[in-house]
Amino acid sequence: MRMTTGWQAAGPTAALRRVPLARRDLRPDDIAVRVDFCGVCHTDLHALNAYDQDAKAPLVPGHEFTGVVTGTGPEVTAFSVGDRVAVGNIIDSCGVCAMCEAGQENFCHSFPTLTYGGTDRQDGATTLGGYTREYVVRDAFAYPLPAGLDAAAAAPLMCAGVTVWEPLRSLGVGPGSRVAVAGLGGLGHLAVKMAVALGATTTVISRTQDKRDDARKLGAHGLIASTDAEQMAEARDTFDVVIDTISAPHELAPYLKLVAMDGTLSLLGYLGPVTVEAMDLLIGRKKLSSAGSGGRPATAEMLKFCADNDIAADVEVLPSAQVDTALDRLRRNDVRYRFVLDMSDLDRRESEHAPDRP
């Protein structure tokens with residue numbers, strides 16, 4: 001086994017603990033990655049909130065990270081020691097179902113193996129995430145990090161970025177498209193940047209006008225306040241695509257009304273039960289869809305597009321020892337727009353860390 005250090009959950013409300021962690025020895029098609037930067041995702045919060053401290057399987061969050069290859073298995077040809085790489089929230093799949101063969105490993109019929117909280121397809125071990133200094137992953141699920149991308153700002157592209165990229169591409173967003181992005185957070189700000197770079201006229205939908213300046217800095221052409229009935233009425237039947245990144249339960253009817261004839265409302269933020277009136281779809285032949293993560297081809301395409309168009313997440317970088325601060329502030333939505341942990345402090349002795357415990 002390979003030993004490393006990381007941050008492990010101790011319960012839904014307890015501080016994460018710095019602990020030694022074991023990684024598997026390299027299989028023939030594995031690479032070892034020194035994790036340099038790991039994004040902090042709302043999914044991490046959900047996992048921590050649901051974690052039972054008496055569970056047999058440990059929980060180490062983190063599923064969007066960048067780093068450097070430090071070792072390769074004998075069959076690896078795509079990577080060499082020293083290469084910059086990025087890893088997302090999927091690290092394996094069956095490889096043989098229709099979805100995998102179509103390059104949509106995120107929809108694997110036997111469910112993809114997740115970067116943390118998943119089950120290794122060979123030894124049955126629970127996967128431990130990227131809040132660590134080293135990760136071992138199949139080479140097929142690691143991606144070269146283009147030279148033009150900053151390693152810290154690129155980390156959230158591997159979850160938030162590809163999550164918004166897939167629907168934008170599959171729905172044909174391009175020059176002449178009219179796109180609205182509901183919610184301006186970790187997902188939403190990347191959706192705005194990508195839609196603008198694809199050539200779409202892009203509008204942000206937010207509860208108030210407070211984020212108008214932020215929206216314009218990101219490249220948006222306007223902002224609609226969802227609480228302003230007049231503005232919402234004026235925008236009826238306007239948008240070819242509405243990307244809904246709102247993470248809390250909410251009514252879909254107001255957003256469906258904004259969708260143009262034959263357009264689509266794509267749900268990315270809240271993935272729980274929803275209620276839809278059929279008439280809200282019927283009038284205008286509107287479509288309701290969803291998306292999540294991305295397959296290998298789309299992920300590679302997304303990274304190249306971002307490098308070519310100078311797109312990365314707007315991040316606040318914190319030492320990994322401040323992980324609990326990041327999580328607490330994320331709970332309060334006190335971030336513009338993504339926290340990223342600098343994992344290099346795990347190289348130091350624990351006694352050298354600045355206090356970061358409540």
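Met302 touches Leu157, Gly161, Val162, Trp165 and Met194, leaving out residues up to four places away in sequence, in what is a predicted model. Together with Leu157 and Met194, Met302 is among the residues with the most contacts inside the largest nonpolar core, which has 45 residues. The elements that give two or more residues to this core are helix 3 (151-154), helix 4 (160-170), strand 10 (178-182), helix 5 (186-197), strand 13 (239-244) and helix 10 (296-308). Of these, helix 5 provides the largest share, six residues. As a general background, nonpolar side chains in soluble globular proteins tend to be buried together.

Two individual residues, one charged and one polar, can be set side by side.

| Residue | Location | Relative accessible area |
|---|---|---|
| Arg133 | loop between strand 7 (113-114) and strand 8 (134-138) | 11% |
| Ser170 | helix 4 | 61% |

Is Arg133 buried or exposed? Arg133 counts as buried because its relative accessibility is 11%, which falls under the 20% limit used for that class. Setting aside neighbours within four places in sequence, Arg133 is in contact with Thr4 and Thr5, with Val33, Arg34, Val35 and Asp36, and with Met343, Ser344, Leu346 and Asp347.

A polar atom of the Ser170 side chain lies 3.4 Å from the backbone oxygen of Pro167. Ser170 and Ala291 are 121 residues apart in sequence, whereas their C-alpha atoms are 9.9 Å apart in space.

The second largest pocket has a volume of about 210 Å³. Which of its lining residues are closest to its centre? Of the 13 residues that line this pocket, those closest to the centre are Arg23, Arg24, Ala125, Thr126 and Thr127. Strand 2 (17-23) and strand 8 are the elements that give two or more residues to the lining. By residue class, the lining of the second largest pocket divides into seven nonpolar, two polar and four charged residues.

How values were computed: Residues are numbered from 1 along each chain as its sequence is written. This is a predicted model: local features need pLDDT of at least 70, side-chain atom pairs count only at pLDDT 80 or more; totals for chains, interfaces and linings use all residues. Side-chain values use heavy atoms; hydrogens and water are left out. A nonpolar core is a set of buried Ala, Val, Leu, Ile, Met, Phe, Trp, Tyr and Cys residues joined through side-chain atoms within 4.5 Å. Buried means under 20% relative accessible area, exposed over 50%, partly exposed in between (1.4 Å probe, protein chains only). Helices (H or I, at least four residues) and strands (E, at least two) are DSSP runs, numbered from the N terminus. Contact means heavy atoms within 4.5 Å. A polar contact is a pair of N or O atoms within 3.5 Å; within protein, one must be able to donate a hydrogen and the other to accept it, and residues adjacent in sequence count only if both atoms are side-chain atoms. On a 1 Å grid over the protein atoms alone, a cavity is a set of points where a 1.4 Å probe fits but cannot get out, and a pocket is an open set with protein on both sides within 12 Å along at least five of seven lines; lining residues have an atom within 4 Å of a point. Grid points are joined across faces, edges and corners, and a volume is the space filled by probe spheres set on the points.
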